[in-house]
Amino acid sequence: MDARELCVEGRGWKDTAASYDRFPARARPAVPGPVWDLSRHSAGMAVRFIANASDIYCRWELTSGKLAMPHMPATGVSGVDLYVRWSGGAKQRWRWAGSGRPEMQINEAVIAAGIPPGRHEFLLYLPLYNGVKSLKIGVPRRAKIFAAPARPSVRTRSILFYGTSITQGGCASRPGMAYPAIIGRFLDRPTINLGFSGNGRMDPPVVDLLCELDPAVYVIDCCPNLSPELIAERTGQLVQKIRRARPRTPIILIANIEYQAAAFLPVVRFKYTKKNIALVAAYKRLLKGGVKGLHYVPGKNLFGGDGEATVDGTHATDLGFLRIARVLAPVIGKALMAGRFGL
């Protein structure tokens, strides 16, 4: 079955040039060229469906033959990743079920086999750093597959993440391990991933696009791509513009992660410390100016303190993403609750 006939989550707009683009086609002349190119990647999108199949198959065609990067495996850049809603423990939760390993631009694979009898709800994440031209999900001939039902009304609105390569998912081993995806499973919410590698720069045309959407919360994680001066200049502009468009939607500002070499190299520590000073100052100015529903997350604990959370000192491994998600999920959960009651 064509995945478009199922429930595709993570798409903010319907008027896209291709089915799995992240920005509408009309954004092309407005946003910076690199942002547009990266918006053709399917990061954060996922297909939610029900099946009573013993096996799940997937056929996906990629837009680029560049399947991997020097510091990120093909399974994360160009693969697909399957989760199942499973009550194997004390409560129901999303559990990993299988992945599709890309070997070329057109791939076909058994994603999971030997599935226990009965109907199960699945979530198939799409590639993080490649585009998807077509996607089909298959089951054995006598099995059935159909779109998952709508989420409960309290969980229909997405968590929107806007940021950098880390937000996009660099360098997760598979798509489900990007921190926005992990948080989506923790909180059982749809997510929209608007991470753009090297280009989370609070560009005004991009912020205009963010304001078109109506998420449950905005999570802004742009500091690694900005200088202290641009953080000081653009943070207030971004927050005020969102606040005019969405007066009651919570906004969470995330400080720069602590680069892992900073514990030993003072010059690295100085690099991100100046950025975080600028962000805190902007945050305090906004609060003093009367902005409500604004939250701030320090960068200190995002990666933990042992230096073991990245591939290159900056981009997260799966461990790093899990640590980020464990810090951010409670903050986002509280903001969602406060947003519901207009606090």
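Buried here means under 20% relative accessible area, and these legends use that cut-off on a predicted model.

**View 1. Asp2 and Arg4 meet in a salt bridge.**
The side chains of Asp2 and Arg4 come together at 2.8 Å, N to O. Asp2 has a relative accessible area of 17%, so it is buried. Arg4 comes in at 49% relative accessibility and therefore counts as partly exposed. This pair is one of the 18 salt bridges that the structure holds.

**View 2. Asp21 and Arg40 pair up across the chain.**
Here the closest N and O atoms of the Asp21–Arg40 salt bridge are 2.6 Å apart. The two residues sit 19 residues apart, with Asp21 in the loop between strand E1 (7–9) and helix H1 (33–39), and Arg40 in the loop between H1 and strand E2 (46–51).

**View 3. Arg48 and Glu121 join strands E2 and E7.**
In this salt bridge the closest N and O atoms of Arg48 and Glu121 are 2.8 Å apart. Arg48 belongs to strand E2 and Glu121 to strand E7, so the pair ties together parts that lie 73 residues apart in sequence. Both ends are tucked away: Arg48 is buried with a relative accessible area of 3%, and Glu121 is buried at 14%.

**View 4. Strand E4 pairs with E5 and with E7.**
Six of the seven residues of E4 (residues 80–86) are buried, so the rest of the structure largely encloses this strand. With strand E5 (residues 93–100), E4 pairs in the antiparallel sense over seven bridges; look for Leu82 opposite Gly98 in E5. With strand E7 (residues 120–125), the pairing is again antiparallel, over four bridges. In E7, Phe122 is the bridge partner of Val84.

**View 5. Helix H4 is mostly covered.**
Seven of the nine residues of H4 (residues 179–187) are buried. They are Tyr179, Pro180, Ala181, Ile182, Ile183, Gly184 and Arg185. After H4 comes Asp188, which has a positive phi, near 55°.

**View 6. Tyr179 sits in the largest nonpolar core.**
This core has 44 residues, and Tyr179, Ile183, Leu328 and Ile332 touch the most other members. At least two residues each come from E7, strand E10 (159–163), H4, strand E12 (217–221), strand E13 (251–254), H7 and helix H8 (318–340). H8 gives the largest share, eight residues. Leaving out residues up to four places away in sequence, Tyr179 touches Phe161, Ile166, Thr167, Asp221, Ile254, Phe321, Ile324, Ala325 and Leu328. Apart from this core lies another one, of 38 residues, including Trp36, Ile231, Leu279 and Leu286.

**View 7. Phe264, Leu265 and Val267 make a nonpolar surface patch.**
Together these three residues have about 350 Å² of accessible area. Val267 is found in helix H7 (residues 266–288), and its relative accessible area of 64% means that it is exposed.

Note on methods. Residues are numbered from 1 along each chain as its sequence is written. This is a predicted model: local features need pLDDT of at least 70, side-chain atom pairs count only at pLDDT 80 or more; totals for chains, interfaces and linings use all residues. Side-chain values use heavy atoms; hydrogens and water are left out. Buried means under 20% relative accessible area, exposed over 50%, partly exposed in between (1.4 Å probe, protein chains only). Two strands pair if DSSP finds at least two bridges between them. Patches are made of residues with over 30% relative accessible area and no salt bridge: like charges are joined within 9 Å, nonpolar side chains (Val, Leu, Ile, Met, Phe, Trp, Tyr) within 5 Å. Accessible areas come from the Shrake-Rupley method with a 1.4 Å probe; for residues, only the protein chains shown count as cover. A salt bridge is a side-chain nitrogen of Lys or Arg within 4 Å of a carboxyl oxygen of Asp or Glu. A nonpolar core is a set of buried Ala, Val, Leu, Ile, Met, Phe, Trp, Tyr and Cys residues joined through side-chain atoms within 4.5 Å. Contact means heavy atoms within 4.5 Å.
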